[in-house]
Amino acid sequence: MSKTSTQAQITRASLVRQFALEVSGGLTKPWQKELPSKYLYDPVGSALFEVICALPEYGLTRAEERLLQLHAREIVDQLPRPVVVAELGSGTGRKTRLLLEALARWQSTWYHPIEISPAALAVLRRELRDINSISIVGFEREYLDGLREVAARRAPGEHLLVLFLGSTIGNFDGAAGSDFLRQLRQILQPGDSLLLGTDMLKPVPTLISAYDDPVGVTAAFNLNLLARINRELGADFKLPQFKHLAVFNEETRSIEMHLRSCSRQKVTIPEASISIQFEKNETIWTESSHKYSPEELISLARHSGFHCQEQWMDQSWGFAENLWIAE
Ligand code: AVI
């Protein structure tokens, strides 16, 4: 066996071990069982998420695309030059293309997508390679580690623009979102910028149908997490015995996805060395998606060490693109 394939096997084994640890930690919590939302995105989950973005009930992605179509030039015209672009999470590249094309009008630009999935990075490189004057160097790293690397490589006088699109910040639970933004700010220098996409508060029925669509794509996206635990950790979750649930938590202003157990049942997860008892109607909390108010964003910017330079709002869905400058 070659050295590289042995190394790949070791990496894979440690990823499985980490997954097993986090699944076991989440499902043995005393009050509310939970699973980390990052595990929703295996190849099946990522493909289902792409379909979610095309659903008529889920307006978030189209709203952000509309904003960038309308304002990409205006956004890049506000940036100091020269600028290096880093993107946290790569998405499909459709939205990023709008910004990179606008930037390419006035300078050749380094673009660094930071993403733990090598497959997603490869897709992005393919999607964006035709844009003239843009050089793509991706980093297969966790967000902040990758950003540290980009920041360390910049030349004197170069500014950083960090893209964090799609309201992914809303998927950080509780204080984790503002902690993350504070840590991100520590990596930047005064005058660097962050373009942050945020989904705004909207009527609860609109949110419920966005996260519990009539076709059942979001339900499949959520249930795939149990299917993934079956595939990767040898568990025996019976998928028809769990139902997708989307609820709005007024206190945290978040839409929560849960999986509700339809009966009293026991599930065994050999790779995590545990058996879990579920009561009828007990839920596993799988994701929170926080929804923002304009005032909250202004104070979030201030508390994270930024000021809000400008905010572009899509009124028809309720989505904001925020240009924050590091103080
Ligand atoms: C990736 N993230 C911003 C999506 C959201 O809206 O919170 C994930 C998602 N979950 C269910 N539908 C979409």
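Which residues does Ser46 touch, not counting residues up to four places away in sequence? After that, please look closely at β13 and what surrounds this strand.

Tutor: Residues are numbered from 1 along each chain as its sequence is written, and side-chain values use heavy atoms, with hydrogens and water left out. Because this is a predicted model, local features need pLDDT of at least 70 and side-chain atom pairs count only at pLDDT 80 or more, while totals for chains, interfaces and linings use all residues.

With residues up to four places away in sequence set aside, Ser46 touches Leu40 and Tyr41, where a contact means heavy atoms within 4.5 Å. Ser46 belongs to helix α2, which covers residues 43-54; helices (H or I, at least four residues) and strands (E, at least two) are DSSP runs, numbered from the N terminus. Its relative accessible area is 30%, so Ser46 counts as partly exposed, the class between buried (under 20%) and exposed (over 50%), found with a 1.4 Å probe on protein chains only. Gly91 is 45 residues away from Ser46 in sequence, yet their C-alpha atoms are 9.7 Å apart in space.

Let us now turn to the strand you asked about. Strand β13 spans residues 319-326, and eight of its eight residues are buried, so β13 is largely enclosed by the rest of the structure. Phe319, Glu321, Leu323 and Ile325 point one way from this strand, whereas Ala320, Asn322, Trp324 and Ala326 point the other way. In a regular strand the side chains alternate between the two faces of the sheet. In β13, the residues that point one way and those that point the other way are all buried.

What lies on either side of β13 in its sheet? Seven strands form an open sheet of mixed pairing, and their order is β4-β3-β2-β5-β6-β13-β12, which places β13 between β6 and β12; two strands pair if DSSP finds at least two bridges between them. The edges of the sheet are β4 (134-136) and β12 (306-314), each of which pairs on one side only.

With β12, the strand β13 pairs in the antiparallel sense over eight bridges. Two partners can be picked out here: His307 has Ile325 as its bridge partner in β13, and Gln311 has Asn322. The strands β12 and β13 also form a hairpin with four residues between them, and in this hairpin Gly318 takes a positive phi near 100°.

With β6, the pairing of β13 is again antiparallel, over seven bridges. Here the bridge partner of Leu194 in β13 is Trp324.

Helix α10, made of residues 294-303, lies across β6, β12 and β13.

Gln265 lies in strand β9 (residues 265-269) and is buried, with a relative accessible area of 10%. Apart from neighbours within four places in sequence, Gln265 is in contact with Gln241, Phe242, Ile276, Gln277 and Phe278. One of these, Ile276, sits in strand β10 (residues 274-278) and is buried as well, at a relative accessible area of 5%. Besides Gln265, Ile276 touches Leu27, Thr28, Lys33, Lys266 and Val267, not counting residues up to four places away in sequence. Between the C-alpha atoms of Ile276 and Asn132, which are 144 residues apart along the chain, the separation is 54 Å.

In soluble globular proteins, nonpolar side chains tend to be buried together. A nonpolar core is a set of buried Ala, Val, Leu, Ile, Met, Phe, Trp, Tyr and Cys residues joined through side-chain atoms within 4.5 Å. The largest one in this model has 67 residues, and those with the most contacts inside this core are Leu195, Ile229, Phe237, Phe242 and Ile269. Ile269 is in contact with Val23, Leu27, Ile229, Leu233, Ala235, Phe237 and Ile274, leaving aside neighbours within four places in sequence.

Methods
Axes are lines fitted to C-alpha atoms, for helices over the stretch in contact, and angles run from 0 to 180 degrees between N-to-C directions.
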